[in-house]
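Student: Could you walk me through reading a protein model, one feature at a time?

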Amino acid sequence: GITSLETEADQAFKALSNAMSTLSDAQKRRAYDSKELSKDIDDSIPADKKPADDEAFYQIWKPVLERNARWAVSQPMPGLGSMQSDIAEVLEMYDKWFSFESWRDFTLDLEDAFDLEDASCREERRWMERQNKKNAEKMQKDETRRINDMIERCHKWDPRILEYKEQLKNAK
């Protein structure tokens, strides 16, 4: 009886220690939050095709921007607005999205990550750390590329931008 209680208590203590370690370390907390928040997030991007009409554009793109705004370092991120939005606001919104910087951390998402506890020596551990970091950086670049593709597609089919470009063209 006593040993099973001790192991239960030991397990609870280890879990609590691990949780405290994660919460108190900003990098670990970011990685944990990224993984937890990603579970219910749809990272898909709408197809690069013209929406049927202006209303369809807003129905398609508004939720996409809302889903992705949570990852922005700079908060709050501007929403899509409406057809009545002033063109200066629209251009400012796109400026902000084109300079989007994500706080998302992929270190816990690495499927083929090296377990540092398996390292037999310090050099091997350092090598594993470098490999994990390199793989996480690749995932971060993929995320940046995904966000850029997303906002470029949105900008390309935004009826306000299309109208603005047409006005500029006609003004010449």
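Predicted model: local features only at pLDDT ≥ 70, side-chain atom pairs only at ≥ 80, totals over all residues.

Student: Which secondary structure does the protein chain have?

Tutor: Helices (H or I, at least four residues) and strands (E, at least two) are DSSP runs, numbered from the N terminus. This chain has six helices and zero strands. The loop between α3 and α4 holds Pro76, and the peptide bond from Gln75 to Pro76 is cis, with omega near -5 degrees.

Student: Which residues touch the most other members of the largest nonpolar core?

Tutor: A nonpolar core is a set of buried Ala, Val, Leu, Ile, Met, Phe, Trp, Tyr and Cys residues joined through side-chain atoms within 4.5 Å. Buried means under 20% relative accessible area, exposed over 50%, and partly exposed in between (1.4 Å probe, protein chains only). Among the 22 residues of the largest core, those touching the most other members are Phe57, Leu65, Leu80, Tyr94, Trp97 and Cys154. Two or more residues each come from α3 (54–69), α4 (87–98) and α5 (122–157), and α3 gives the most, with six.

Student: What does Trp97 touch, beyond residues up to four places away in sequence?

Tutor: Contact means heavy atoms within 4.5 Å. On that rule, Trp97 touches Leu65, Asn68, Ala69, Met77, Pro78, Met150 and Ile151.

Student: Is Arg146 buried or exposed?

Tutor: Arg146 counts as buried because its relative accessibility is 13%. This arginine sits in helix α5. Leaving aside neighbours within four places in sequence, Arg146 is in contact with Asp43, Ile45, Asn68 and Arg104. Arg146 and Asp43 are 103 residues apart in sequence, yet 8.5 Å apart in space, C-alpha to C-alpha.

Student: How much of the protein chain is buried?

Tutor: Buried residues make up 27% of the 172 residues. Among contacts with a separation of 6 or more, 71% join residues 24 or more positions apart.

Note on methods
Residues numbered from 1 in each chain as written. Heavy atoms only, no water.
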